[in-house]
Amino acid sequence: MRYICTICGYVYDDEKEKVPFSELPDNWVCPICKAGKSAFKQEEVKEEKKVEVKPLVVDDDMKQLSAGELSAICSNLARGCEKQYKARESQLFTELAAYFKAAAPEIEGADETMLHDLLQDDLERLYPSLSSIAKEEGDRGTQRITVWGEKVTAILYSVLERYEKEGDAFLKDTKIWVCSVCGFVFVGDEAPEICPVCKVPAWKFDCIEGRTS
């Protein structure tokens with residue numbers, strides 16, 4: 001049996017490895033991107049199969065975005081402007097992001113369980129639906145964004161699973177790196193030489209400092 005990492009594409013081949021994949025310990029991680037075992041899928045025999053995709057229901061009316069969503073959008077726009085060397089626009093979007101962030105109310109019951117459910121819904125419903133729509137429309141740009149987004153969400157899901165199992169010990173005496181291009185998250189002393197998702201070099205990673213109370 002062969003098992004493939006859905007994030008970086010690393011292949012674990014039972015016939016070549018000393019230990020079968022099913023017998024690997026629960027805390028085993030991908031040697032390339034550090035994703036947990038849950039991020040691996042058994043290689044399927046290539047045959048034509050029609051995959052049933054859960055529909056993505058969208059209201060006819062425009063959705064009213066929350067302050068938190070507006071903050072995230074403005075933050076992404078600020079980063080995009082920064083990469084295009086538009087300093088003034090980047091500054092304005094950063095200020096807007098901060099304004100909306102301050103206006104965003106605290107979400108009641110927000111914890112690891114809620115985050116776990118949201119990430120799982122993204123992976124099982126939203127990304128497959130968006131990918132299906134993009135393919136039908138022939139929108140290659142959206143297809144590429146969907147692939148990157150799904151991989152980044154998968155690593156976040158894997159990191160959260162590891163944190164739920166190991167607690168604060170998982171992040172003790174190590175660093176968290178985030179790819180400034182695609183958002184890939186890597187936990188380790190040094191950033192990976194190449195981003196497993198978008199293939200940019202290590203210097204494109206930012207080291208995230210821990211929050212202080």
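Let's begin with helix α4, which covers residues 140-166 in this predicted model. At 1.5 Å a residue (the expected span is 1.5 Å times one less than the number of residues), its 27 residues should span 39 Å, and because its end C-alpha atoms are 39 Å apart, the two values agree. Helices here are DSSP runs of H or I with at least four residues, strands are runs of E with at least two, and both are numbered from the N terminus.

Just after the helix, G167 takes a positive phi of about 70 degrees.

Which residues of α4 are buried? Among them are T146, G149, V152, I155, Y157 and L160; buried means under 20% relative accessible area, exposed means over 50%, and partly exposed lies in between, using a 1.4 Å probe and protein chains only. The buried residues of α4 pack against α3 (112-137) and β5 (185-187), where a contact means heavy atoms within 4.5 Å.

E150 also sits in α4. Because its relative accessibility is 31%, E150 counts as partly exposed. Leaving aside neighbours within four places in sequence, E150 touches L123 and Y127. E150 and L123 are 27 residues apart in sequence, yet 6.6 Å apart in space from C-alpha to C-alpha.

Next, turn to another pair of helices. Two packed helices are described by the angle between their axes and the distance between those axes. Helix α1 (residues 67-83) and helix α2 (residues 87-103) pack at about 165 degrees, with axes 8 Å apart. That makes α1 roughly antiparallel to α2, a label for angles over 145 degrees, while under 35 is roughly parallel, 65 to 115 roughly perpendicular and the rest oblique. The residues of α1 that meet α2 include L70, C74, L77 and C81, and their partners in α2 include F93, L96, A97 and F100.

Finally, step back to the whole chain. Its secondary structure comes to four helices and six strands, following the pattern β-β-β-α-α-α-α-β-β-β along the sequence. Of its 213 residues, 29% count as buried. Among contacts between residues at least 6 apart in sequence, 51% join residues at least 24 apart.

Residues are numbered from 1 along each chain as its sequence is written, and side-chain values use heavy atoms, leaving out hydrogens and water. In this predicted model, local features need pLDDT of at least 70 and side-chain atom pairs count only at pLDDT 80 or more, while totals for chains, interfaces and linings use all residues.

Methods:
Axes fitted to C-alpha atoms, helices over the stretch in contact; angles between N-to-C directions.
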